[in-house]
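Here is a short briefing to read alongside the structure.

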Amino acid sequence: MQPKTRRTVLALGGLAAVGVGFPRVHAMLNRDFTFERMEAPNGFRRLRLNEVSQGPSLFAGLDGENTRPAPTQIAALNADPCADLFDHGSPAQVPIAVFTDYYCPYCRVLSHHLLTRKDDLALTWHELPLLSRDSEPAARLALAASQQVPYVDVHAYLMKTSLRPTPAFLRRFAADLGLNERYLRRDRDSADVTAHIERSHALAYVFGLYGTPATIVGRTLVIGAIKPADLDRLIALEQAEGQHCKATA
């Protein structure tokens, strides 16, 4: 969190503590936010912004017969999306699901901010390869590497590099992170990696995600770039309202 933003959040907390009261603090946090209720999944709302990265075949990817989730999966996700959206965190934390593509420039800014906040966030990362023919190989590489080292280390590394999933890059990537290259190659096409990507696409279909980044903060969907200060304010607002579904431990 940026120092100015941190001071703002702490100041708001102090105001509440001395009796300013929830309505006023809530109004300050909610300033300039316009929410739209989503018909499905039930209980979620949308905060519309700009700056979305889209690939040339993105809509075909979401609407095509080969990638459309099965009707039973759509029904299950609409009925209970939280289990697939959020996979860790304490009940006291606001769960945050982040959908990213390594070829999305706005994703790099968002990831940097979330990973450098000083507080512990209940983050769940979803690889959503949409933007180029190299997006899925990159996502598979990240997920395969995360079976050897923490995912956040892999994600941070890839978000800071010019990624081309060539044999030379793979060797350097494995060396830099201390990975077993043979296992890395094997795990790229594993059932677990494929299941993650399929689940991300199914969630994208249900929530209507048409580009990256896409972030679900508690019960609020944001498609597109969001300013760090606004993201911090949205997190604080969700924490104050406390109506979001909970991440599982």
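In this predicted model, six strands make up an open sheet with mixed pairing, in the order β1-β2-β6-β5-β3-β4. At the edges are β1 (35–37) and β4 (122–127), each of which pairs on one side only. From one strand to the next, the twist averages 20 degrees.

- Strand β5 covers residues 214–217, and both of its faces are covered.
- A214 and I216 are buried on one side of β5, while T215 and V217 are buried on the other.
- Strand β3 (residues 95–100) runs antiparallel to β5, and four bridges join the two.
- Across that pairing, V98 stands opposite T215 of β5.

**The hairpin**

- β5 also runs antiparallel to strand β6 (residues 220–223), again with four bridges.
- I223 in β6 is the bridge partner of A214.
- Two residues lie between β5 and β6 in this hairpin, and G218 in the turn has a positive phi of about 65 degrees.

**The helix across the sheet**

- Helix α11 lies across β3, β4, β5 and β6, and runs at about 100 degrees to β4.
- With 17 residues (191–207), α11 reaches 24 Å from its first C-alpha to its last, close to the 24 Å expected at 1.5 Å a residue.
- Buried residues in α11 include V193, H196, I197, S200, L203, A204 and F207.
- Residues three or four places apart in an α-helix point the same way, because there are 3.6 residues a turn.

Conventions:
Residues numbered from 1 in each chain as written. Predicted model: local features only at pLDDT ≥ 70, side-chain atom pairs only at ≥ 80, totals over all residues. Heavy atoms only, no water. Expected span 1.5 Å × (residues − 1). Buried < 20%, exposed > 50% of the residue type's maximum accessible area, 1.4 Å probe, protein only. Pairing = 2+ DSSP bridges. Axes fitted to C-alpha atoms, helices over the stretch in contact; angles between N-to-C directions. Contact = heavy atoms within 4.5 Å.
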